[in-house]
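Hi there,

Here is the structure I promised to pass on. Have a look at it first, and my notes follow below.

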Amino acid sequence: MTDQEKIALIEDTLEIDEGTLTADTLLEDVDEYDSMGKLSLIVMMDDEFEVKLTGDMIKGFVTVGDILAVMEQA
């Protein structure tokens, strides 16, 4: 899966328009990256990549690229 496909998956998970995010996008600037968005991300990461995100991991995410890095490790 390419980075662009992973970003599209994140966009779909957060229910935002495709092409909105880049790896450099700050998550604090994404209105949809709220508590519900974070829960959706946790479920998606478990379903798609078999990665169990922890609260500390979620707190450590600053950019979309940080999420992509965890996807790469899966």
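In helix α4, which spans residues 64–73, the buried residues are V64, I67, L68, V70 and M71. They lie on the same side of α4, because the arc they cover around the axis is only 160 degrees. Among the elements covering these buried residues are α1 (3–14), α2 (35–49) and α3 (55–60). Please keep in mind that this is a predicted model.

**The nonpolar core**

The largest nonpolar core has 22 residues, and those that touch the most other members are I10, L41, M45 and F61. Two or more residues come from each of α1, α2 and α4. Helix α4 gives the largest share, with 5 residues. As background, nonpolar side chains in soluble globular proteins tend to be buried together.

**Two salt bridges**

The structure contains 2 salt bridges. One of them pairs E72 with K6, and their closest N and O atoms are 2.4 Å apart. This pair joins distant parts of the chain, since E72 sits in helix α4 and K6 in helix α1, 66 residues apart. Are the two partners buried or exposed? K6 counts as buried, because its relative accessibility is 5% and the cut-off is under 20%. E72, in turn, is partly exposed, with a relative accessible area of 48%.

In the other salt bridge, the side chains of D46 and K52 meet at 2.8 Å, N to O. Here D46 is partly exposed at 28% relative accessibility, whereas K52 is exposed at 61%.

**Two residues with positive phi**

Most residues other than glycine have a negative phi. E15 is not a glycine, yet its phi is positive, at about 60 degrees. This residue lies in the loop between α1 and α2, and E15 is exposed, with a relative accessible area of 72%.

E50 is another residue other than glycine with a positive phi, near 55 degrees. E50 belongs to the loop between α2 and α3 and counts as exposed, at 71% relative accessibility.

Best wishes

How values were computed: Residues are numbered from 1 along each chain as its sequence is written. This is a predicted model: local features need pLDDT of at least 70, side-chain atom pairs count only at pLDDT 80 or more; totals for chains, interfaces and linings use all residues. Side-chain values use heavy atoms; hydrogens and water are left out. Buried means under 20% relative accessible area, exposed over 50%, partly exposed in between (1.4 Å probe, protein chains only). Helices (H or I, at least four residues) and strands (E, at least two) are DSSP runs, numbered from the N terminus. The arc is that of the directions from the helix axis to the C-beta atoms. Contact means heavy atoms within 4.5 Å. A nonpolar core is a set of buried Ala, Val, Leu, Ile, Met, Phe, Trp, Tyr and Cys residues joined through side-chain atoms within 4.5 Å. A salt bridge is a side-chain nitrogen of Lys or Arg within 4 Å of a carboxyl oxygen of Asp or Glu.
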